[in-house]
Amino acid sequence: AAPGSASSGRTSSDVPLSPVQGPRMLADEALEAVSVQSRWRSSRLSSLETRACQTRRVHTAEAEVQTLSTAETGSQTEAGNPAAEPEDPDPDPGGLKDFLGRVEDTLVRQLLRNSRSHAFDGFQVNWSDPSHLVSLRHCLQHPAGVQRSLQVTKVSWSCTGAVLACAYGRIDDGDWSTEAAHVCTWNLLSPKLQPGRAEAVIDVPAAVSALSCHPTHAALLAGAGGLYSGRVVVWDTGRTDEPVLAQTGISAEGHREPVCEQVVWVPQQKSAELGLLSACSQGKVLLWRRDAEQRALVLSAAFTLDPQQIPRSLKGQAQGCGSVGLTSLALSSWDWDTVLVGSEGGLLLRCSLPTGPPWAAPPRASPHRAALFSFSRSSGPIYSIHPSPFHWGLFVSGGTDGLAHLHSLQQSAPLLSLKVCDSYVFQVQWSPSRPLVFAAATAEGLVQVFDLGRRSPRPVATLEGGGAAGGGVAATCLAFNTQNAQLLAVGRANGSVDVWHLSTDLTEQRPREAERLQQIANRVAA
C-alpha cells in the first residue's frame, strides 16, 4: 500500500481478500511524522554578526582678526643755520685776482682772434668708438641654387633693412634657356636665421635678371627676367600659396628680349601706387602700372631707342649699331622724368619719359625722340648706372672697360675715371650715408670701395670673397642697406651672398663732405 493510503480512513481488515491473493502478508500502519531540522542553516546563522562604526565628532570653529588702530609717522630735517657755516678765511688764495688782472688783455685778444677763425667750422664731436675693421657678417646660400650651379644675378634690401632678397639666374650663358630659377629671402634680424637655407623661396620658371624691393611695402618684390619671355613680375612674399601678385603678358608692346639689370619703382601721377620702369636689350623702355582686378601689369607709357630716333647730333656715336640694345637703366631720384640708359655698344644716354594723360589706353612704343643728351661713349657695354643720392647732377657708371666713370648731367665727358680692375665691372653704387663713397663689384671677385675725398685714386677698402670657395669668384652684384649703412650685400657667381659689416670710416659722414662733392660737380667745363 502507498505510504499515504492511511489518509482514506479505512483499514486493511475492511477490504475482502481475493481468492487469488491467498493469505495476507502485508498490512497498513499509520506512523507519526519525523522531521529533521537543518544543522547547516543554523550553523550559518550563528556565524553572522552585524557591526557598525563612526568617527568622533569633528569640532570646528571660526575666528576673525582685525587691527585695532593705525598710525602714520614722518620726519623732516630742520632748516640749516647759515650763521653756523664756516666762512672762507682767505677769499683770494694765492693772488688769483692779481693773476687775472695781468692776463686779462692777452686772454681777450686771443678770444677775439678765435672768433674770427674758421679752423673748427663744421666740426662735430663723435662720442662713439670708431671702428676701422671691415668684417664678413654672413655668407648666405640656397642649397638648390648651389647644387644647380646657379649664379646670383641681383640682391636687394627691403624698406625696413631687415630682409635681404636674392635673385638667381645665369650671366655666363648667352644661349636661349628655359632653366628654372629662384628668388630667396633671409631675415637677418630673425633669431631663427639659417645662413645655409633661405627663409622664403619663390620658384620662377625662368632666370631672373633684375630684382627690386618696394620702397615702402616690405613684402613686395619686383623682378624681371627670363631669356624667353622678358616678363616683369611683382611678388608678395607674405602670400606663400600664390606669391605672384601681378605680371606682364606676352604681347607686341611688351618685352620680348631679356630685361636689363634693373627695374625701378616710379611714383605715378594721381595714384598712390608706384609704377615699374623696365628696359630690355630690344631697346624698349616701358612704364607699367598694376591692375589689381586683373592681377596684371598694364602698360602705361613707352618709348623705343633706335638709330632713327636718336637726334642728329648723336648719330655719329650711334653709327655701327643696328639697334640700341639696352644693358642698364637708372632713374634720377631728383627728377623722375630723367632716365639714364646704357647700351651694348657703349652709348650712355639721358632720356625722358613721354608725357600725356596718366593711365591712358595701353600705348605702343612711342615714336617721340626720347634721347635728349649723349655722354662720351665707352669701349664696351655699360652694365650699371647709379645716380648720386646727395647731388642732382652726378652719377657713376661701370662696364666692360674696368673703369668707374663719374659723370655730370651737364657735360659729355666724365669728370673723373677711376681704374677699378682689369676685367668687367658688373655694378657700381653710391653709399647711402657718405656723399663721396661708392663701391664697385668686379668679375675678378673683388669689391672695391672708393672715397673721392682722398687724394689717392686707389680704393680705400677691398672686400674679397667669403667662404671656402669665395676667393676669385666673380662679384656679380651688390647693394648697400639704406637703413643700416654699415651692411653691404655682395652676390657672387657661385650662388652665395656675402653680407659685410663696414667700418665707421666708410659710413659716417665727415665734416664738409657735401661741400667737397659740390666742388667736384663744379668741374664742369665751360
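**Notes on the predicted model: a surface patch, a sheet and some salt bridges**

1. Let's start with Leu100: its relative accessibility is 48%, so Leu100 counts as partly exposed. Exposed would need over 50%. Bear in mind throughout that this is a predicted model. Leu100 sits in helix H2, which covers residues 96-115. Together with Leu96 and Phe99, Leu100 makes up a nonpolar patch on the surface, and the three share about 280 Å² of accessible area.

2. Next, the sheet. Four strands form an open sheet in the order S2-S3-S4-S5, and the pairing is antiparallel. The edge positions go to S2 (151-157) and S5 (200-204); each has a single partner strand, so one side of each has no neighbour in the sheet. From one strand to the next, the twist averages 20°.

3. On to the charged pairs. The salt bridge count for the model comes to 12. One of them links the side chains of Arg170 and Glu179, at 2.8 Å from N to O. Are these residues buried or partly exposed? Arg170 has 26% relative accessibility and so counts as partly exposed. Glu179, also at 26%, falls in the partly exposed class as well.

4. Arg492 and Asp498 make another salt bridge, with their closest N and O atoms 2.8 Å apart. Here both Arg492 and Asp498 are buried.

5. Asp451 and Arg510 also form a salt bridge through their side chains, at 4.0 Å from N to O. I'd flag that value, because the cut-off for a salt bridge is within 4 Å. Asp451 belongs to strand S24 (residues 447-451), while Arg510 is in the loop between helix H5 (504-507) and helix H6 (513-521), so this pair ties together parts 59 residues apart in sequence. As for burial, Asp451 counts as buried because its relative accessibility is 4%, whereas Arg510, with a relative accessible area of 33%, is partly exposed.

Terms used
Residues are numbered from 1 along each chain as its sequence is written. This is a predicted model: local features need pLDDT of at least 70, side-chain atom pairs count only at pLDDT 80 or more; totals for chains, interfaces and linings use all residues. Side-chain values use heavy atoms; hydrogens and water are left out. Two strands pair if DSSP finds at least two bridges between them. Helices (H or I, at least four residues) and strands (E, at least two) are DSSP runs, numbered from the N terminus. Axes are lines fitted to C-alpha atoms, for helices over the stretch in contact, and angles run from 0 to 180 degrees between N-to-C directions. Patches are made of residues with over 30% relative accessible area and no salt bridge: like charges are joined within 9 Å, nonpolar side chains (Val, Leu, Ile, Met, Phe, Trp, Tyr) within 5 Å. Accessible areas come from the Shrake-Rupley method with a 1.4 Å probe; for residues, only the protein chains shown count as cover. Buried means under 20% relative accessible area, exposed over 50%, partly exposed in between (1.4 Å probe, protein chains only).
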